Amino acid sequence: MAIIEIKVPRLSESVSEATMLGWKKQPGEAVVQDEILIEIETDKVVLEVPAPASGILSQIIKHAGDTVIADDVIAQIDTELKANTAVSPIATKNISAEDSKAKFIGQTLPIHASSSLSSVASPAASQLLREKNLRADQLTGTGRGGRVTKGDVLSTSEIPLDAALPQVDESYANSWITDRPEQRVPMSRLRVRIAERLLESQQTNAILTTFNEVNMAPVINLRSRYQDCFIKEHEVKLGFMSFFVKAVVHALQKFPILNASIDKNNIVYHGYFDIGVAVGSPRGLVVPILRNVDQMGFADIEKKISEFSSKARDGKLSIEEISGGTFSISNGGIFGSMLSTPIINPPQSAILGVHATKERPVVENGQIVIRPINYLALSYDHRLIDGREAVLSLIAIKEVLENPERLLLNI
């Protein structure tokens, strides 16, 4: 017998422990080297744990919900047993009604399901399956070991709704309508960490927000004129976020205090521009970092943002990609937000809130005209940044967005 141990991978220096999510294989089932066996959630990212060798999963030591640290042994693989002595790698485990119960206050509803969604689907595919009310066993997986991929879900034809939903015992149907069920679900580590940091920011920073409006017509026109050429040259679309990022760097160069942070009784001025761009993910808000943005072109920024968005959706962002940052941008406009007061991401001292661009009546040269207007919100730590610097920096952002050629001339 040759036993190989499966261990928790290395965690970030700032992360001491993690939580086990659901196993994708059960003891006695065959595994293939590099096949993803389980995901481990930290307060920053979800780490995938692959099989270090092919064989039979002989023992599971740590289970879903357990707290683990780096190098903990969580399972064992017997590399000498053959696959034909165990369940096929692509087989799914039937779940009895007794094993799969949805528990609510005052009642227990038995739900009959034919397979565990997470056992045969990738994280990105699992999210899409939930959105489409589908089960993994309704699709033919094209991934390794028969795993259902995101592409499999996107390419599937519509399946009747009654075939996709779990079957609830008819005797309980009326209680769903007449009673007031509640479900208690533990917060994920990421959600707990988000809550802690937001509360920390509110308690430790003297947060103040200043607002301004910007006419986005020049950026919209510039983008429209050169979009086709930009795509042909760089193989990526020219979005609006690269303009906001460049405008922010322009303002930070003029007012370095907004790019600084407080360390006890010291002011730390950063001689580099690492901009965090808030991205929504199925697990919650994450802020990947664009590093040395002053050295990046528009295409570089757009490609990196696109990469970060894809990784966030699939839960693939690394700890290094979401650590650090000297300033952040939050774009609530993609969800339709008209105005907000963003919360600073510690230890940073300021954050720019970008919102939806809408046509509004404005006065120009004594005449009422219609312009595409975006309201900008700059939240800043008043302990470090005075109102003058905050207001002038926001005006600097406004000026370069309304005159984007100034970005080329650096004026």
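**View 1. Who lines the second largest pocket?** In this predicted model, 38 residues line the second largest pocket, and Arg-197, Leu-285, Val-286, Val-287 and Asn-345 lie nearest its centre. (A pocket is an open set of points on a 1 Å grid over the protein atoms alone, with protein on both sides within 12 Å along at least five of seven lines; lining residues have an atom within 4 Å of a point.) The pocket's volume is about 880 Å³, counted as the space filled by probe spheres on the points, joined across faces, edges and corners. Numbering runs from 1 along each chain as its sequence is written, and side-chain values use heavy atoms, without hydrogens or water. Local features need pLDDT of at least 70 and side-chain atom pairs 80 or more, while totals for chains, interfaces and linings use all residues.

**View 2. Which elements build that lining?** Helix α6 (189-204) gives the largest share, five residues. At least two residues each come from α6, β16 (279-281), β17 (284-286), β19 and β20. (Helices are DSSP runs of H or I with at least four residues, strands runs of E with at least two, numbered from the N terminus.) Sort the lining by class and you get 19 nonpolar, 15 polar and four charged residues. (Ala, Val, Leu, Ile, Met, Phe, Trp, Tyr, Cys and Pro are nonpolar, Asp, Glu, Lys and Arg charged, the others, including Gly, polar.)

View 3. The structure has one cavity of 30 Å³ or more. (In a cavity, a 1.4 Å probe fits but cannot get out.) About 80 Å³ of space lies in the largest cavity. Of the 10 residues around the largest cavity, Arg-283, Val-286, Ala-312, Gly-315 and Leu-317 sit nearest its centre. Its lining splits into five nonpolar, two polar and three charged residues.

**View 4. An open sheet that starts with β1.** Here, four strands pair antiparallel in the order β1-β8-β6-β3. (Two strands pair if DSSP finds at least two bridges between them.) At the edges are β1 (3-7) and β3 (30-31), and each of them pairs on one side only. β1 joins β8 (residues 73-78) through five antiparallel bridges. Look for Glu-5, which faces Gln-76 in β8.

**View 5. An open sheet that starts with β5.** This one also has four strands, running β5-β4-β2-β7 with antiparallel pairing. β5 (46-50) and β7 (67-68) are its edge strands with a single partner each, so one side of each has no neighbour in the sheet. Between β2 (residues 18-20) and β4 (residues 36-41) there are two antiparallel bridges, and Met-20 stands across from Ile-40 in β4.
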